Amino acid sequence: MAAQELKAGTWKIDTAHSVVGFSVRHMMVSKVRGRFESFDATLTVPEDPTRASVTATVDAASLNTDNADRDAHVRSADFFDTEKHPEFSFRSTGAEAAGEDWILKGDLTIKGTTRPVELALEFNGSTIDPYGLLRAGFTASTAISRKEFGVDIEMPMDGGGVVVGDRITIDIDAEFTHQG
């Protein structure tokens, strides 16, 4: 990360140009991909940008896998229980260099359970857009165990295996605008 390119101040996520996505193994033979349509994040950058922090929330009910029946089931008490747990949250706790990239550490809360996670983080640079806004982009990814967050439904298949895998890969493409 070229830290000098990340200007100090508060940055807000541009949700129109960002994606919070995920994938999970389905029926042991393929992956289902989805995204969340509603989320928010704030990046706070002090004078030393290596000490930047981020907070984020995701509206759990905004899940979209392009299959309404599946989405309704995942919102139910079997999975996310969005009526009782409407929001996921992330709060960074630190970062460390990993070559030219970073490891972003933080606390992720899903379904009322908070656990530490590490995201592989790439700083994609910053630029001034045609409207004069300073923008910065990041790509982040991690893999979590859904069971560790209380999403512990078991759906075994005849002959072995499960309908929904335990390992969830989370992929984030985030574009932020500098607020001052």
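S38 is partly exposed in this predicted model, because its relative accessible area is 33%. The residue sits in the loop that joins β3 to β4 (39–45). Leaving aside residues up to four places away in sequence, S38 touches V58, D59 and S62. D101 is 63 residues from S38 along the chain, and their C-alpha atoms are separated by 27 Å.

Strand β3 spans residues 30–36 and includes R33. R33 counts as exposed, since its relative accessibility is 55%. Together with R25, K31 and R167, R33 forms a patch of positive charge on the surface.

The model has ten salt bridges.

| Salt bridge | Closest N to O distance |
|---|---|
| R35 and E37 | 3.0 Å |
| D48 and R51 | 3.8 Å |

D66, with 62% relative accessibility, counts as exposed.

In the pair of D48 and R51, D48 is partly exposed with a relative accessible area of 34%, while R51 counts as exposed at 65% relative accessibility.

Salt bridges also link D14, D129, R135 and E175 in a network.

Terms used:
Residues are numbered from 1 along each chain as its sequence is written. This is a predicted model: local features need pLDDT of at least 70, side-chain atom pairs count only at pLDDT 80 or more; totals for chains, interfaces and linings use all residues. Side-chain values use heavy atoms; hydrogens and water are left out. Patches are made of residues with over 30% relative accessible area and no salt bridge: like charges are joined within 9 Å, nonpolar side chains (Val, Leu, Ile, Met, Phe, Trp, Tyr) within 5 Å. Accessible areas come from the Shrake-Rupley method with a 1.4 Å probe; for residues, only the protein chains shown count as cover. A salt bridge is a side-chain nitrogen of Lys or Arg within 4 Å of a carboxyl oxygen of Asp or Glu. Lys and Arg count as positive and Asp and Glu as negative; His and the chain ends are not counted. The place of a charge is taken as NZ of Lys, CZ of Arg, CG of Asp or CD of Glu. Helices (H or I, at least four residues) and strands (E, at least two) are DSSP runs, numbered from the N terminus. Buried means under 20% relative accessible area, exposed over 50%, partly exposed in between (1.4 Å probe, protein chains only). Contact means heavy atoms within 4.5 Å.
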